[in-house]
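Please look over the structure before going on.

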Amino acid sequence: MSKKDSRRTFLSKSAIATLAAIVGSKVVFAENFPKELEPVGLQPDEVKVKIPGKSDQLKILNSKPLSAETPPHLLDDEVTPAHLMFVRNNGIPPEEVDVQKWTLTIDGESVVKPMTFGIKELMDNFDHYSYNLTIECGGNGRAEFNPPAKGNQWGLGGVACTKWTGVRLKDVLNKVGIKDDAVYIGYYGADTHLSGDPDKVVISRGVPIKKALEDETLIAWAMNDQAIPVMNGYPLRLVCGGWPASTSGKWLTRISVRDKEHDGPKMEGQSYRVPKFPVPPGTKVPDDQMKIIESMPVKSIITYPKTGAIIPKGGSFEVRGHAWAGDLKVKKMEISIDFGVTWKTCELKDPINRLAWQRWKINVKLPEFGYYEIWARATDEKGVAQPMVLPGWNPKGYLNNASHRIGVRQG
Amino acid sequence: MEELSKKELVLKQAKLAINFGVGVIAFASIWVFQFTIFPDFFKPEPTIVEFIPDSTEPESVSYFELDSADIENGIHVPTGLIVDDGCQDVMVTCGACHSLDLVTQNRATRDGWKEIIVWMQETQKLWDLGEKEVVILDYLAKNYAPENTGRRKNIENIEWYNL
């Protein structure tokens, strides 16, 4: 039997009914196995999963719910092309989207009166704005934590800076009217929970009202002047640049203005939280000693050359990439070719707008034959720089902004 | 005289054979009758018996076998799981909601895996795993244990090319 055939046989056995028969209740504990579930784990993910609208060069971390990251050398563009923007799904995206019927409801304890808008109403009634916004997954870099942290093991590529177009959340909130006691907003989306329970909310996070009312916080219907890619939230997305990407709700249907910190799924417990004070690696931190992540930390990537470059003797080459610092600006960019002993300052551009990443570049010449590592280090406007080793350990492995390193050789 | 006794002998044997046949039929019908009403009467308690792959026990369901064509270097290629005791249980249970990529990507101690399971039970609708929990934890703790990677690893798997 060929590999492919055997795999097909394997797949054909995957329906749970058949499984219960072949495996038997003693193995599955079948009485607890929800009827509506198909064991997706039995699907061969080595048969390359195709992500709608995405390059097959993205590295798939999880085939369901889909999570995929971009190798850093593919992030070289100033504006990340749509097919190269990473994906982090928490549940199952909505399958049939009718843009004409799609609505966004603004409600919650702290609105004067709830209101619902169609997408066309949003387009017609409010001014449009476009911003390049850096969105980074809170767990980007998790793969390096020691002891390991659970969840998708992101390398460097859970980040992108694309052009978002839509209306300002603050304009919409002003139209609806918010009360003085508003402290937080929380989003809801149209994705569904992996357990198959249609009433279970997958993820509902948000930001304090101050961040919600910033100019750059958008309700967006376009990315890079096109419809938002299906996996990045089509047809409507909340975008909060510079904060964990999980605050930018996809497939947006509702925003609640809360009179307290929002308490939706993945706001509480250990999700998207770090210890209130530094802890030794491996510490069990009680929930009440954890605080919500707000702005992402200063960070940079080398997008050119790709790691592994062999440079001819005497040759020089450009090294370049992007740097960003959450809500702040990056004020200095440096690289080292001698394992951090000396540092050279790079040319650093201003961001296109607030919360967009900044381009940097430098010409490099390796002194002699041998193996080198290029280390990149950004410093934000408050003087806070990237660490060379892992930053403070935290139980869920967030906020790893350790310096990006690539290997190069002179032949 | 001789003839008669021969005849009688044959007749006797025939009677014996018929009686035996009737007996067998009667016994069989009683057996079938009780079987339809009390199917489990003569069977052992349906408690957790370990499955023996090619057991001839009439009601033992055929064991869920991995196709050897799918196994390469101890890895079950379609799922990426390490082939070991409990692999099938993990495949079926832990692949129900999400792909097994979430299992193969992660490393944790036994306590760590237990915490992940409890977290999914408290927040993600994972059910009580019953007696399978031990099998699954044994498998995960053995095959997906953490290694100490220090404060930072060397850059690994560089593919060299001429710039």
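**Pockets and cavities**

Q: What volume does the second largest pocket have?

A: A pocket is an open set of points on a 1 Å grid over the protein atoms alone, with protein on both sides within 12 Å along at least five of seven lines. A volume is the space filled by probe spheres set on the points, which are joined across faces, edges and corners. In this predicted model, the second largest pocket has a volume of about 880 Å³. Local features need pLDDT of at least 70 and side-chain atom pairs count only at pLDDT 80 or more, while totals for chains, interfaces and linings use all residues; residues are numbered from 1 along each chain as its sequence is written, and chains are lettered from A in the order in which they are written.

Q: Which residues lie nearest the centre of the second largest pocket?

A: Lining residues have an atom within 4 Å of a point. Here 37 residues line the second largest pocket, and A:Lys150, A:Gln270, A:Pro395, A:Lys396 and B:Glu115 lie nearest its centre.

Q: How do the lining residues of the second largest pocket divide by class?

A: Ala, Val, Leu, Ile, Met, Phe, Trp, Tyr, Cys and Pro count as nonpolar, Asp, Glu, Lys and Arg as charged, and the others, Gly among them, as polar. This lining has 15 nonpolar, eleven polar and eleven charged residues.

Q: What are the volume and the lining of the largest pocket?

A: The volume of the largest pocket is about 1,700 Å³. Its lining has 48 residues, with A:Lys59, A:Ala143, A:Gly155, A:Leu156 and B:Glu156 nearest the centre. By class, 17 are nonpolar, 18 polar and 13 charged.

Q: How many cavities of 30 Å³ or more are there?

A: A cavity is a set of points where a 1.4 Å probe fits but cannot get out. The count comes to six cavities of 30 Å³ or more. The largest cavity holds about 720 Å³ of space. Of the 38 residues that line the largest cavity, B:His98, B:Leu102, B:Trp119, B:Met120 and B:Gln124 are the closest to its centre.

Q: Which element gives the largest share of the lining of the largest cavity?

A: Helices (H or I, at least four residues) and strands (E, at least two) are DSSP runs, numbered from the N terminus. The largest share, five residues, comes from α4(B).

Methods: Heavy atoms only, no water.
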